[in-house]
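Dear colleague,

I am passing a structure on to you, with the sequence alongside it. Please open both before you read further, so that you can follow each point in the model.

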Amino acid sequence: MGVWQLVAVGLVMLLGLLGVLVPGIPGPLIVWAGVVWWALSEKASVAWVVLMGATAVLLLNQTLKWLLPVRNLRAAGAPYRTLFLAGVAGIVGFFLVPVVGGPLGAVGGLYLLERVRLGSRGDAWASTRTVMRAIGLSVLIELFACLLVVGAWVGAVAAG
């Protein structure tokens, strides 16, 4: 594999890492696609071992991502309808105030919906914080898994 192709694979993986932080972009899938591209081009046994390990880590990531935060969201008591409407508020906020409006709209919408549902400012804020922690935990799990995969790829390329 040539240097330029390695750079291109690295850029794809970087895009995947950034995709973890941007909602709607499938970061782990993009990182995995970069590893597949590299393994198919490299055709070495170490490349296939890295691909198998990356597949296992990213599948485990998907399992953990969906199991752990769900418990926290259920503990917060926020109904899924509220979370959906907060997401819609984030999308609307993104278009009203580009980039910054997305998170502000989502968090603000979540707080307002929880305030209406719970009636108390303190309870609504506590529920909003719990939901935001659960979402943050999900992002951290996904980022850690993608960083492990990219680190294994960098190690294999450097050894190689």
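Predicted model: local features only at pLDDT ≥ 70, side-chain atom pairs only at ≥ 80, totals over all residues.

The mean pLDDT of the protein is 87, and 94% of its residues reach 70 or more. Among the helices, the confidence is highest in H2, residues 27-42, at a mean of 94, and it is lowest in H4, residues 80-96, where the mean is 84.

**How the helices pack**

Two packed helices are described by the angle between their axes and the distance between the axes. You will meet both values for each of the pairs below.

For helix H1, which covers residues 3-21, and H6, the axes come within 9 Å of each other and cross at roughly 170°. Angles over 145 degrees count as roughly antiparallel, and H1 and H6 are therefore roughly antiparallel to each other. The crossing in which H1 passes H6 is left-handed. On the H1 side the contact is made by Leu-6, Val-9, Gly-10, Met-13, Leu-17, Val-20 and Leu-21, and on the H6 side by Val-139, Glu-142, Leu-143, Cys-146, Leu-147, Val-150, Trp-153 and Val-157. Sorted by class, the residues of this contact of H1 with H6 are 13 nonpolar, one polar and one charged.

The next pair is helix H5, residues 101-118, and helix H6, residues 121-159, which pack at an angle of about 135° with their axes 8 Å apart. That angle makes H5 oblique to H6, and H5 passes H6 in a right-handed crossing. The residues that H5 brings to the contact are Val-107, Leu-110, Tyr-111, Glu-114, Arg-115, Arg-117 and Leu-118, while H6 brings Arg-121, Asp-123, Ala-124, Trp-125, Ser-127, Thr-128, Val-131 and Met-132. In this contact of H5 with H6, eight residues are nonpolar, two are polar and five are charged.

H5 also packs with H4, at an angle of about 145° and with the two axes 7 Å apart, and the crossing in which H4 passes H5 is right-handed. Here Thr-82, Leu-83, Leu-85, Ala-86, Ala-89, Gly-90, Gly-93 and Phe-94 in H4 meet Gly-101, Gly-102, Gly-105, Ala-106, Gly-109, Leu-110, Leu-113 and Glu-114 in H5. The contact of H4 with H5 is made up of eight nonpolar residues, seven polar residues and one charged residue.

Thr-128 is found in helix H6, and with a relative accessible area of 2% Thr-128 is buried. If we leave aside its neighbours within four places in sequence, Thr-128 is in contact with Val-107, Leu-110, Tyr-111 and Glu-114, which are among the H5 residues listed for the contact of H5 with H6.

Ala-145 also has its place in helix H6, and at 5% relative accessibility Ala-145 counts as buried. Apart from neighbours within four places in sequence, Ala-145 is in contact with Val-57, Leu-58 and Asn-61. Ala-145 and Pro-28 are 117 residues apart in sequence, while in space they are 8.0 Å apart, C-alpha to C-alpha. Asn-61, which is found in helix H3, counts as buried at 2% relative accessibility. Not counting residues up to four places away in sequence, Asn-61 touches Pro-28, Ile-141, Glu-142 and Ala-145.

Val-150 is another residue placed in helix H6, and at 14% relative accessibility Val-150 counts as buried. Beyond its neighbours within four places in sequence, Val-150 is in contact with Met-13, Leu-17 and Val-31. The C-alpha atoms of Val-150 and Gly-90, which are 60 residues apart along the chain, are separated by 30 Å.

**A residue in a loop**

Finally, is Lys-43 buried or exposed? Lys-43 lies in the loop between H2 and helix H3, residues 45-76 being those of H3, and at 65% relative accessibility Lys-43 counts as exposed.

With best wishes

Note on methods. Residues numbered from 1 in each chain as written. Heavy atoms only, no water. pLDDT = per-residue confidence, 0-100. Helix = DSSP H or I, 4+ residues; strand = E, 2+ residues; numbered from the N terminus. Axes fitted to C-alpha atoms, helices over the stretch in contact; angles between N-to-C directions. Parallel < 35°, antiparallel > 145°, perpendicular 65-115°, else oblique. Left-handed = near helix turned anticlockwise from the far one by under 90°. Contact = heavy atoms within 4.5 Å. Nonpolar A, V, L, I, M, F, W, Y, C, P; charged D, E, K, R; others polar. Buried < 20%, exposed > 50% of the residue type's maximum accessible area, 1.4 Å probe, protein only.
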